[in-house]
Amino acid sequence: MKRLITLLVSTLLLAGLLTGCGETTAAPSAEGNQSSSKPAKTIKWKMVTTWPKNFPGLGTGAENLANKINTLSNNRLHVKVYGAGELVPALEIFDAVSRGTAQMGHGAAYYWKGKNPTFQFFSTVPFGLTAQEMNGWLYNGGGLELWQEAYSKHNLIPMPAGNMGVQMGGWFNKEIKGIDDLKGLKMRIPGLGGEVLNRAGGTPVNLPGGELFTAMQSGTIDATEWVGPYNDLAFGFHKVAKYYYYPGWHEPGTALEAIINKEALEALPKDLQAIVLEACKLANHEMLAEYTARNNDALQTLITKHKVQIRRFPDDVLSKLRSISDEVVKELAGKDAFSQKVFDSYSSYREKVLSWSEYSERAYLNVRADNK
Ligand code: CA
């Protein structure tokens, strides 16, 4: 955290130094009592999101990002957040920011697989990277450059802006004892996980979070995954489903995204551009910390207060899903040259990080579990 703040401060200082000479008097002085100085001019941005307004963790994560930009810029740039459906429907934010209806958006890349299936690598891959590993690939392993290249055709700049860690496997009203229990199952599961369910004989459905409770209650869908205890408790899925399965094989560390309209960003002074991009990094870091803390209490509430029955997917089901996932991901790579480039980057990083994780995270977690 300290390193992030130091980086942010130094970036801002550098941006200020580089652009300082050309700044107009509209900008507040860097000296004196900045907190009470009123900026002469405020640039107003809209941020549209795929989440309900202020939904715990996700909607509040988007608010957190907007607040950071507003505070760090001393309100020279003011971002206002719109929940799903307020300005545009949840699954139309990509197009809205692309065409400039809003300057920013907050969502997840796998929602846009209809535009290009390769985008899904930038959110999550079944049996793929954890949150920590994903951040490594994006920031330091070439992932973000590829993501920015992928979105540039759509006039967008993506930034990682949140992660929830390993998700839960979802809510079911029947037990999953073998792979055949997935046959005919109509389940809300986005991204590549949805394609895996499809090949296992189920019917994947892509619905925004805000519609899931009603869809479960009315029987439009038989099962749903959402996120994990913190978010699932907030939606009340324990009222409409009996069994809560783990692990979230389909979403081991989904990167959420901030999408920024390219022209809107480039029209900002350099220091405000830096604030927008660095605020995304802070928001990304803070969301993971929040989920790591909040999921624990919510899980206990689900088990002790709501008597939710927790189930683990059987090993043979996970093993079958794993082999289907490998097929699905490889096919995606063969689609075109760019998809192959993304797949190669992701796969070579994944191979190396899995090897290191054996000696680090996994070895440590095993030892800790054995010596409670
Ligand atoms: Ca999910």
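Good morning. The largest pocket has a lining of 45 residues, and those nearest its centre are Thr 130, Val 166, Pro 247, Pro 252 and Leu 365. A pocket here is an open set of points on a 1 Å grid over the protein atoms alone, where a 1.4 Å probe fits, with protein on both sides within 12 Å along at least five of seven lines; lining residues have an atom within 4 Å of a point.

This is a predicted model, in which local features need pLDDT of at least 70 and side-chain atom pairs count only at pLDDT 80 or more, while totals for chains, interfaces and linings use all residues. Residues are numbered from 1 along each chain as its sequence is written, and side-chain values use heavy atoms, with hydrogens and water left out.

I turn to the calcium ion. Gln 167, Glu 225, Trp 226 and Glu 251 coordinate it at 2.1 to 2.9 Å; donors are N, O and S atoms within 2.8 Å of the metal, or 3.2 Å for Na, K and Ca, and sites may look incomplete as water is not among the atoms. Glu 225 and Glu 251 are both buried, that is, under 20% relative accessible area with a 1.4 Å probe, protein chains only.

Finally, the salt bridges: a side-chain nitrogen of Lys or Arg lies within 4 Å of a carboxyl oxygen of Asp or Glu. The count is 17. In one of them, Glu 278 meets Lys 281 at 3.4 Å, N to O. Glu 278 is buried, at 10% relative accessible area.

Technical notes
Buried < 20%, exposed > 50% of the residue type's maximum accessible area, 1.4 Å probe, protein only.
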